[in-house]
Amino acid sequence: MPASRHPETRAIHVEIPDLDGARPLNVPLYQTANFAYDHTEDLAEAINRPESFAYLRNSNPTVRALENAVTSLEGGAAALATASGMGAIHTVLHTVLSSGDHVIAQKHLYGGTFALLKDLAARFGIETTYIDAQDPAEVAAALRPTTKVLYLETLSNPTAQVTDLPAFFAAGQEAGLVSIVDNTFASPVGCRPIEMGADVVVHSSTKFLSGHCDVLGGIAVFADAGLHRSVWSRSLETGPIADPFAAWLTLRGLGTLGLRMRRHHENADALARFLSQHPGVEKVHWPGLEDHPGHAIARRLLPNGYGGVFAIDVAGGRKETLEFTRRLQLADRAVSLGGYKTLVQQPSATSHRSMDAEGLRAIGITEGTVRIAVGLEHIDDLCADFAQALD
Ligand SMILES: *Cc1c(COP(=O)(O)O)cnc(C)c1O
């Protein structure tokens, strides 16, 4: 599919393996662990080529179709689909980094990635310097002779901070770093970091790419086929590849990505504006609001919308906020995001419950912060649900 077509169209018209001239309209599910060959020499060759099919840990046609589809969406050279987002992040970092190397990462990071970097430091001496990611000069300031990776996220969790990606990728390139960006919150409809200079884009396809809260998956897309080949080789050793059925479910969701992302954005924008007028809400962290610190950058980098995840600070402490989330009827209390259902999560009562109010403030949230992953429900029903729970 030519890159001149819009991402909404590319997400629908994915490459489908040909069956002797008959083209299935949807990608078939090849639920098979291995492929047989008439000649052993051919099998031997297939095992060593990422393009061929031999054993499921190497590749599979359904998984490949997903990889090609997301490669096209992100404007990359090749992709590796994995069993989870963390599987993709781990496999890429594990390939690019060796013990003693150094990483520069933004400090507002997905919790699992933060835990992984902490573990890499403790066990392999791979230290990370955390930066605010507000000024590209921070990269040069944090640089060491051993620095290998610059790690960023398009939109951060839960306060939707936005990094000026092109400026940071340029700083990373000047220093000879591999720039990796987690594009989960924006999706390729919202942002295509490879077009801005990223080397690797990672996704938790559990979220917007699949979109239906029914599958776990990840994918890494590479600007350079050589790096893809290295990561693929490493994946043969570590075995993170996506299961065909998970890949098939993700492809099924992908067709409606454009439509869903537009509705997620519209709903989030309307709900954010509604809540910013409500006396029970102290603050709304949504880049669509003019007073959000990332507003101008978001408008420039994400012209098609800012995903559908934002945070609010409810007036009151942990207890009042817990009571507010308990009273929500449409929005479910659950982890994850990017699906068709609206979900809420209160960090001070779940993931960050060991931190006091001061510690929470230091990372930009309060005891009343609630992350809202806005789904595809009718906006009037969502506003009414949040209003009745706040009143
Ligand atoms: C969920 C998530 C991940 C981890 O993905 P899994 O599929 O849960 O392993 C990584 N990064 C971001 C931004 C996420 O939201």
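Which helix holds Ala247? Ala247 lies in helix α10, which spans residues 244-254; helices here are DSSP runs of H or I with at least four residues, strands are DSSP runs of E with at least two, and both are numbered from the N terminus.

## Basis of the report

This is a predicted model, in which local features need pLDDT of at least 70 and side-chain atom pairs count only at pLDDT 80 or more, while totals for chains, interfaces and linings use all residues. Residues are numbered from 1 along each chain as its sequence is written, and side-chain values use heavy atoms, with hydrogens and water left out.

Ala247 is buried, because its relative accessible area is 1%; buried means under 20% relative accessible area, exposed over 50%, and partly exposed in between, with a 1.4 Å probe and protein chains only. Ala247 and Ala83 are 164 residues apart in sequence, and their C-alpha atoms are 8.8 Å apart in space.

Ala186 is found in the loop between β5 (178-182) and α8 (187-190). Ala186 has 1% relative accessibility and therefore counts as buried. Between Ala186 and Ala83 there are 103 residues of separation along the chain and 20 Å between the C-alpha atoms.

## The ligand and its surroundings

The ligand sits in the largest pocket. A pocket is an open set of points on a 1 Å grid over the protein atoms alone, where a 1.4 Å probe fits and protein lies on both sides within 12 Å along at least five of seven lines. A molecule sits in a pocket if more than half of its atoms lie within 2 Å of the pocket's grid points.

There are 14 residues around the ligand, and those that come nearest are Gly85, Asp182, Ser204, Thr206 and Lys207; a residue is near a molecule if one of its heavy atoms lies within 4 Å of it. The shell comprises six nonpolar, six polar and two charged residues. In this division, Ala, Val, Leu, Ile, Met, Phe, Trp, Tyr, Cys and Pro count as nonpolar, Asp, Glu, Lys and Arg as charged, and the others, Gly among them, as polar. Helix α4 (residues 85-96) gives the most to this shell, with three residues.

A polar side-chain atom of Thr206 is 2.7 Å from an oxygen atom of the ligand. In the side chain of Ser204, an N or O atom is 2.8 Å from an oxygen atom of the ligand. For Met86, a polar backbone atom lies 2.9 Å from an oxygen atom of the ligand. The protein buries 92% of the 380 Å² that the ligand exposes when taken alone; accessible areas come from the Shrake-Rupley method with a 1.4 Å probe.

## Backbone features

Most residues other than glycine have a negative phi, and most peptide bonds are trans. Asp20 has a positive phi, near 50°, and lies in the loop between α1 (7-12) and α2 (40-47). Asp20 counts as exposed because its relative accessibility is 85%. Cys213 also has a positive phi, near 55°, and its place is in the loop between β6 (200-204) and β7 (218-222). Cys213 has a relative accessible area of 48% and is therefore partly exposed.

Asn157 and Pro158 are joined by a cis peptide bond, with omega about 0°. Pro158 belongs to the loop between β4 (147-153) and α7 (165-174).

How values were computed
Polar contact = N/O pair within 3.5 Å; in protein donor to acceptor, adjacent residues only side chain to side chain. 1 Å grid on protein atoms, 1.4 Å probe; cavity = no way out; pocket = protein on both sides within 12 Å on 5 of 7 lines; lining within 4 Å.
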